[in-house]
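Reader: Hi! Could we go through this one together, a topic at a time?
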Amino acid sequence: MKKKKINKRKTKKEENIFDNKIIDIEDIKKNEEIKSGDVIKLQKEWYFVPHNYEYEKRKEELKKELKANDLDIIKIENDLDYALNERKKIKDVYDSLEGRIHLNSMVLYSGPLEPKNNKSLMHCLHSSLHYICTKYRIFNRIGCIYTGDANLKKINIKKDFKDYWDSVGTVQIPHHGSGNEFNKNFFDDRFYYCPISVGKDRRYGHPSEDVIDIIRDNKSIEIIINELPRSKFIQNIYI
């Protein structure tokens, strides 16, 4: 029996994403390449948008260095055992690239394609400090930016995610709050949650006190999270 083809109707916002490809998460095939800027649809009103700094240029640089080190790119992409056996050589090649992990770290937008109505709500619980952030509830801006170890002095997240920025209420601060990769240029006159992942012993001095001061000076709040089981930051989002 033939399967009935289902026509997936695009929303008005989906039709206006310019050159970005929209992919339904259920249609993603094994080992399929997802390009920087592609829009991944999770459900009716929620999307992922990955971004890699100078994606095409840096991808070619990586391939060139892998080949120069006698590494098989096809096997890396398709043979897990091969990739695991060669992981040290692959990591050494990766670390040799300009900017190392900080320029090659993926940044991700998670949220709706456009601001929701004023009934949408982000309500947060930060269990490390044992309080509920009811005072800092955000209406409408329920999207999040996850920055990993990205270098915000090179990567302009507000520009890269300009089509979605009006929906952003949370920005994860990269590299454990280090001042070396931080840039305050994404702040405006609005409030943001700013989660920061750090080690419980702060052996490297993270997060930077300067970064904390900048967050607070911009009417936003830092959310410090460490590896202890009781340390949690939970966002309940209602649309």
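Reader: How many aromatic pairs does the structure hold?
Author: The structure holds 10 aromatic pairs. Rings of Phe, Tyr and Trp (its six-membered ring) pair if their centres lie within 6.5 Å; planes under 30 degrees apart count as stacked, over 60 as edge-to-face and the rest as tilted. This is a predicted model, in which local features need pLDDT of at least 70, side-chain atom pairs count only at pLDDT 80 or more, and totals for chains, interfaces and linings use all residues. Residues are numbered from 1 along each chain as its sequence is written, and side-chain values use heavy atoms, with hydrogens and water left out.
Reader: Thanks! Which residues do ring pairs link into a cluster?
Author: That cluster consists of Trp165, Phe182, Phe186, Phe187 and Tyr192.
Reader: And what sits over the ring of Tyr192?
Author: The charged end of Arg141, 5.0 Å from the ring centre. The cut-offs for this are NZ of Lys or CZ of Arg within 6 Å of the ring centre and within 35 degrees of the ring normal.
Reader: New topic, helix α7. Which of its residues are buried?
Author: In α7, residues 209–217, Val211, Ile212 and Ile215 are buried. Their directions from the axis fall within an arc of 100°, so they line one face of the helix. The arc is taken from the helix axis to the C-beta atoms. Buried means under 20% relative accessible area, exposed over 50%, and partly exposed in between (1.4 Å probe, protein chains only). Helices (H or I, at least four residues) and strands (E, at least two) are DSSP runs, numbered from the N terminus.
Reader: What's on the other side of α7?
Author: Asp210 and Asp217, both exposed there.
Reader: What covers the buried residues?
Author: The cover includes β10 (193–197) and β11 (221–225), with contact meaning heavy atoms within 4.5 Å.
Reader: Now Pro112: where is it, and is it buried or exposed?
Author: Pro112 lies in the loop between β4 (107–111) and β5 (121–126). It is buried, at a relative accessible area of 1%. Leaving aside residues up to four places away in sequence, Pro112 touches Glu45, Trp46, Tyr47, Ile142, Gly143 and Ser167.
Reader: Last one: what is the mean pLDDT?
Author: The mean is 80, and 79% of the residues reach 70 or more; pLDDT is the predictor's confidence in each residue, from 0 to 100. Where pLDDT is low, the predicted coordinates should not be read in detail.
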